[in-house]
Amino acid sequence: MAFGVKLGIEHKQNWDEIIMLSPKQLVVREQEIRKSIQPPPSLLGFNMNIDWTVKTWALERPIMAILYQLIEEQVLPRKALKTFIEGFMKGVAREIVFSNEINLDTIVECGLIGDPRIGGQVGLMANYVTRFFPGWKIHAFRPGTTDDWKKAGVKLPQVNWISLQSVGLLQIPVHLVLEFRKGQVIETESGEIVCPRDNRVILSSEPDRIDNYKLMELVLSVLDHNKLTCLIIAGIHLPWLEKTMRRIVEAVKNENPDSFIHLEASHFEDKENEASWLLPNLDSIGLNEQEAFLLARKMKNDFSSVGEEFRKLVRVISEAHPKLRVHGHTKGMYALKDSCAPVKQEKEMMVSATIALMVAGQFQERAKIDWDQVAKGRFQRVARDSGISFFEVPTIIRPALTVGLGDAISISGLALHLTR
């Protein structure tokens, strides 16, 4: 149990079972579990966009030259350069949000060649549900028209879409997903930088505001009309949701105290911590190591978000909100604080771990997963600390896709959690 020793965790083997599965065994168990998954109809909101996904190491022009040009032409704000360099240098996920409108033709002319994909946590989760949990009935909010999505070359998944045009989201926001990989080199004014880890930086174009009152009315109307009691929300980092999310959550709970609300966190700005205001009214939250760091830091804890500190961060959040279901994830490890039995916790994490392997491998079928590209790590519960279970999970060595992995992990765990 060397992995647990590395974390400084004292092992008390008082669980019903310590699961240790190879990746192939994990897939077999997950297939068995998924047959019993039947979540209730749910509503997804609110952030959805086009992800323009760029493999920065494969561009004809150096990515730094392209960024300098786009900033000079005022397509991107100046902070985009600093954010990209910081994420690249540390090999960590970063995201900034700005109001500059992005035209896809313009960025292609500058050499930022990429692929359009459905993006935003709502779009990604809707995509994963239809692909992996087709029996789960999902309603979801989308900006723009279906024709707008077709023109951009993005196929929408088959869920019950609800237009956000009435609240002011007429255009589809564009997010630039700049992926980089371990060993990649960029030239900066200070010299060469070598990337230590596969990851990405996201430069998100979003509107400043919408009609908040109409959005709240629309949410309550959709929930009531379709008799939905489960709301999965995201987008706390967006300017047009900063002032609205808390009121929506409170209104939903006032209308139906027994409703289930999950928040999928994101890299929110430090100036306002909307998440901490939301937590008392939430039932569940999904987050990665950086989001856990931001949340725990706002709770007056001086923690770094790397390596061994992940366990401490999840513990701080869980202790501050003991009734909250917390599903955390970082590379090679998941954390789950859940009131359900340990065996169900293990099942939730098995499903999440397997779906993450397929998403990282660009939706390879289970039988066709290239196991040579999977790290040697097994699926095993390595500790149970303050009611939180920590699981070691296998990962793809060189992932074909990094964006959206957290959303896949969270929605998969939720699928089983919501199954009664």
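**Strand pairing and helix packing**

Phe260 of β13 is the bridge partner of C230. That residue pair belongs to a parallel pairing between strand β12 (residues 230-234) and strand β13 (residues 260-264), which runs over 5 bridges. The model looked at here is a predicted one.

Zooming out, β12 and β13 sit in an open sheet of 11 strands with mixed pairing, and the order reads β1-β17-β18-β16-β15-β14-β13-β12-β2-β6-β7. At the edges are β1 (20-21) and β7 (160-163), each of them pairing on one side only. In general, strands of a sheet pair through backbone hydrogen bonds, in either a parallel or an antiparallel way.

Then there is helix α13, which lies across part of this set of strands: β1, β15 (325-330), β16 (333-337), β17 (379-385) and β18 (388-392). Against β17, the helix runs at about 135°. Helix α13 (residues 342-360) also packs with helix α2 (residues 23-34), at an angle of about 115° and with the axes 9 Å apart. The crossing of these two helices is left-handed. On the α2 side, the contact is made by L26, V27, R29, E30 and I33, and these meet K347, M350, V351, A353, T354, I355 and L357 in α13. Sorted by class, that makes 8 nonpolar, 1 polar and 3 charged residues.

As for the protein chain as a whole, there are 14 helices and 18 strands. Of its 420 residues, 59% count as buried. The chain exposes about 18,500 Å², with carbon and sulfur atoms supplying 47% of that area. Among contacts with a separation of 6 or more, 73% come from residues 24 or more positions apart.

Methods: Residues numbered from 1 in each chain as written. Predicted model: local features only at pLDDT ≥ 70, side-chain atom pairs only at ≥ 80, totals over all residues. Heavy atoms only, no water. Axes fitted to C-alpha atoms, helices over the stretch in contact; angles between N-to-C directions. Helix = DSSP H or I, 4+ residues; strand = E, 2+ residues; numbered from the N terminus. Left-handed = near helix turned anticlockwise from the far one by under 90°. Contact = heavy atoms within 4.5 Å. Nonpolar A, V, L, I, M, F, W, Y, C, P; charged D, E, K, R; others polar. Buried < 20%, exposed > 50% of the residue type's maximum accessible area, 1.4 Å probe, protein only. Areas by Shrake-Rupley, 256 points an atom, 1.4 Å probe, with all protein chains shown as cover. Pairing = 2+ DSSP bridges.
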